[in-house]
Amino acid sequence: MSLVLFAFASLPKYRIADYRRITTSIPSVDTLKKQGIAIIAAVAGLGIIGALVGYFGAGTVLRSLLAIGWRGFAAICVIHLTVIALEGIAWRLLVPGTRFWVFIWGRLVRDAGSEVLPISQMGGCVLGARAVALGAVPGAIAAASTMVDLTLEFLAKLAYMALGLILLFHLRADTPLGLPVTVGVTATGFFAAAFVFVQRHGFVVFDRFTHLLGRGWAERTAAGAAAVQTALAGIYRRSAGLWGGFLLHLACWISSAVEVWIMLRLAGAPLGFLTVFVIESLLYAVRTVAFAIPNAVGVQEGAYVLIGAAFGLTPEMALAISLLKRARDLVIGLPVLAIWQAVEGGHLWRRLAPLPDRSGSR
């Protein structure tokens with residue numbers, strides 16, 4: 001915001017095109033309304049978390065958290081950073097010949113935006129694509145590879161939840177939880193099919209997506225949606241990258257269950273890995289259905305309590321695991337967002353660098 005104010009104050013020194021970019025980037029009323037709704041939903045979710053913690057006892061939840069300890073929490077953060085790095089590698093497999101660190105950084109920004117900021121998952125994807133584009137990846141490739149990577153992640157999530165559903169009926173044949181996870185699997189399949197359809201037929205959607213990355217930026221780097229469509233076709237021709245990305249994403253989903261399994265062992269409340277696998281797959285099925293709620297705030301905590309109770313997990317420990325995940329996301333996401341904001345600020349500063357005046361001075 002300070003950079004924007006400085007640009008307006010020094011308007012005569014800047015190009016008119018830059019002035020237009022600044023003014024057209026101001027959020028519209030509809031955008032502000034959507035952001036307001038998202039913030040209200042996030043606040044309501046925080047209220048639900050507070051109510052659950054208060055109902056089951058803040059002291060018992062705190063003791064469950066402390067049982068894991070700082071070393072355990074640090075180990076969980078390291079494991080999660082490794083998973084994010086693998087997800088970045090899965091993204092990079094779609095674009096051979098590019099630098100790995102660019103896509104790992106883009107994935108960090110994507111997850112930080114989705115899990116820390118009160119925005120939708122698609123908003124986090126836009127931030128991640130923008131971060132990749134700033135790493136010297138053409139805009140069309142950044143946009144197209146983001147959509148394909150998101151599709152592969154959804155397909156891997158679908159396989160993950162299907163495996164969880166099979167294990168659920170194996171462990172609890174008469175459980176009533178089969179319905180919500182079936183709905184979640186169906187919803188995930190629908191989203192995956194929608195992504196594939198849009199990538200094959202949604203030319204206008206790609207045009208809007210590239211413009212979200214920066215007004216005027218898509219035209220300069222990719223000549224609009226036609227270049228995105230060309231890049232998309234090229235990505236889909238590389239079957240090795242598609243299969244590699246899918247398998248890596250599936251491994252990352254399974255790793256999320258491993259992460260919780262380790263948390264429970266550190267807390268002295270171990271459950272079998274297959275049981276944890278089922279709990280996590282059920283959880284992500286519920287999160288898929290509640291995709292409209294930013295970061296699934298409140299939904300994740302309630303789902304953990306209800307699902308965990310069916311498998312012998314106490315409500316206090318279920319809330320502790322969910323809160324530990326939130327803390328992990330904040331510890332990783334906040335520094336990432338700070339660095340990303342500094343990079344974006346530096347990029348904006350360079351774009352708005354004043355031109356020499358007639359006397360040759362700046």
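Me: Helices are DSSP runs (H or I, at least four residues), numbered from the N terminus, as are strands (E, at least two). What makes Trp 70 and Phe 73 about one helical turn apart?

Reply: Both sit in helix H4 (residues 58-92), and they are 3 residues apart, so about one helical turn separates them. This is a predicted model, where local features need pLDDT of at least 70, side-chain atom pairs count only at pLDDT 80 or more, and totals for chains, interfaces and linings use all residues. Residues are numbered from 1 along each chain as its sequence is written, and side-chain values use heavy atoms, leaving out hydrogens and water.

Me: How many aromatic pairs are there, and why is Trp 70 with Phe 73 called edge-to-face?

Reply: Rings of Phe, Tyr and Trp (its six-membered ring) pair if their centres lie within 6.5 Å; planes under 30 degrees apart are stacked, over 60 edge-to-face, the rest tilted. That rule gives 8 aromatic pairs. For Trp 70 and Phe 73, the centres are 6.4 Å apart and the planes at 80 degrees, so the pair is edge-to-face.

Me: How do you know whether Trp 70 is buried or exposed, and Phe 73 too?

Reply: Buried means under 20% relative accessible area, exposed over 50%, and partly exposed in between (1.4 Å probe, protein chains only). Trp 70, at 74%, is exposed, whereas Phe 73, at 12%, is buried.

Me: Nice! What makes Phe 273 and Phe 277 a pair?

Reply: Their ring centres are 6.1 Å apart and their planes at 65 degrees, so this pair is edge-to-face. Both lie in helix H13 (residues 273-289), 4 residues apart. Phe 273 is partly exposed at 29%; Phe 277 is buried at 5%.
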